[in-house]
Amino acid sequence: MNELFYEILHRRRDVRAEFTGEPIDDAVLTRVLEAAHAAPSVGMSQPWDFVLVRDPGTREEFARHVHEERDVFAASLDGERAETFAKIKVEGIRESSLGIVVTYDEQRGAPAVLGRHAIADAGLYSVCLAIQNLWLAATAEGLGVGWVSFYREPALAKLLDIPDGIRPVAWLCVGPVTNLADVPDLERHGWRSRSPLASALHHERFTPRDEGSA
């Protein structure tokens with residue numbers, strides 16, 4: 001059983017091009033969302049909400065916005081970096097079965113959120129834990145997940161009628177896939193290689209990291 005858990009951890013991928021577009025069984029989707037909702041949260045605030053987006057028009061509008069932001073980033077690159085980025089697909093908004101937008105409500109459980117008084121971002125970290133739970137559960141169910149980050153929060157909030165004060169933390173593309181790649185896309189395309197654990201491990205005190213040796 002332990003081996004299966006670690007296999008899922010290492011099999012998880014940020015999916016872009018492998019979505020089939022086939023529907024997700026309702027029972028499977030419920031299990032994945034229940035796993036996300038079971039995540040730990042600061043002060044038991046559970047500051048997340050999940051917006052399920054299936055409408056093709058909404059997805060098309062968001063995809064256009066994402067591609068505009070992709071162009072903004074691409075314009076900041078030069079030479080080899082620009083050539084490498086041009087080969088990388090950054091989203092699967094249209095191809096996936098649905099989008100799941102995960103939001104953060106800072107006022108959930110306020111004003112006395114136990115454990116957040118000294119670390120203001122603890123609530124945001126809680127939302128990220130829910131996203132990770134969702135991602136691992138989806139992987140266990142044979143689904144792919146892709147986190148879209150090329151967007152401006154106000155644009156997505158307006159598109160989905162998200163109230164002021166609630167942050168859209170992630171648009172997750174979710175659905176069945178043809179396969180999960182053995183090697184992460186960014187590593188396969190030569191954008192960046194995964195570093196070993198030893199390069200991030202410290203004992204007793206934080207020691208400066210030598211980027212050149214990673």
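Author: A residue is called buried when its relative accessible area is under 20% and exposed when that area is over 50%. The model discussed here is predicted.

Reader: Why is strand 3 said to be largely enclosed by the rest of the structure?

Author: Strand 3 covers residues 143–148, and five of these six residues are buried; the strand is therefore described as largely enclosed by the rest of the structure.

Reader: Which strand pairs with strand 3, and in what sense?

Author: Strand 4, residues 166–176, pairs with strand 3 in the antiparallel sense, over six bridges. Two bridges are enough for strands to count as paired. Within this pairing, C173 of strand 4 is the bridge partner of G146.

Reader: Why is T103 called buried?

Author: The relative accessibility of T103 is 3%. The cut-off for a buried residue is under 20%, and T103 therefore counts as buried at its 3%. This residue lies in strand 2, which comprises residues 98–105.

Reader: What is T103 in contact with, leaving aside its neighbours within four places in sequence?

Author: A contact requires heavy atoms within 4.5 Å. With those neighbours left aside, the contacts of T103 are P47, W48, D49, V127, I162, I166, R167, P168 and V169.

Reader: What makes D78 count as exposed?

Author: Exposed means over 50% relative accessible area. D78 has a relative accessibility of 64% and therefore counts as exposed. Its place is the loop between helix 3 (56–75) and helix 4 (79–86).

Reader: How many residues separate D78 and N179 in sequence, and what is the C-alpha to C-alpha distance in space?

Author: D78 and N179 are separated by 101 residues in sequence, and their C-alpha atoms lie 32 Å apart.

Reader: How do you know that the radius of gyration of the protein chain agrees with that of a compact globule?

Author: For 214 residues, a compact globule would have a radius of gyration near 17 Å; the protein chain has 19 Å, and the two values therefore agree. The C-alpha trace spans about 50 × 50 × 40 Å along its principal axes. Of the 214 residues in the chain, 41% are buried.

Reader: What share of the contacts between residues at least 6 apart in sequence joins residues at least 24 apart?

Author: In the protein chain, that share is 82%.

Reader: How many helices and strands does the protein chain contain, and in which order do the elements run?

Author: The protein chain contains seven helices and four strands. Starting at the N terminus, their order is α-α-β-α-α-β-α-β-α-β-α.

Methods: Residues numbered from 1 in each chain as written. Predicted model: local features only at pLDDT ≥ 70, side-chain atom pairs only at ≥ 80, totals over all residues. Heavy atoms only, no water. Helix = DSSP H or I, 4+ residues; strand = E, 2+ residues; numbered from the N terminus. Rg over C-alpha atoms; globule rule 2.2 N^0.38 Å. Buried < 20%, exposed > 50% of the residue type's maximum accessible area, 1.4 Å probe, protein only.
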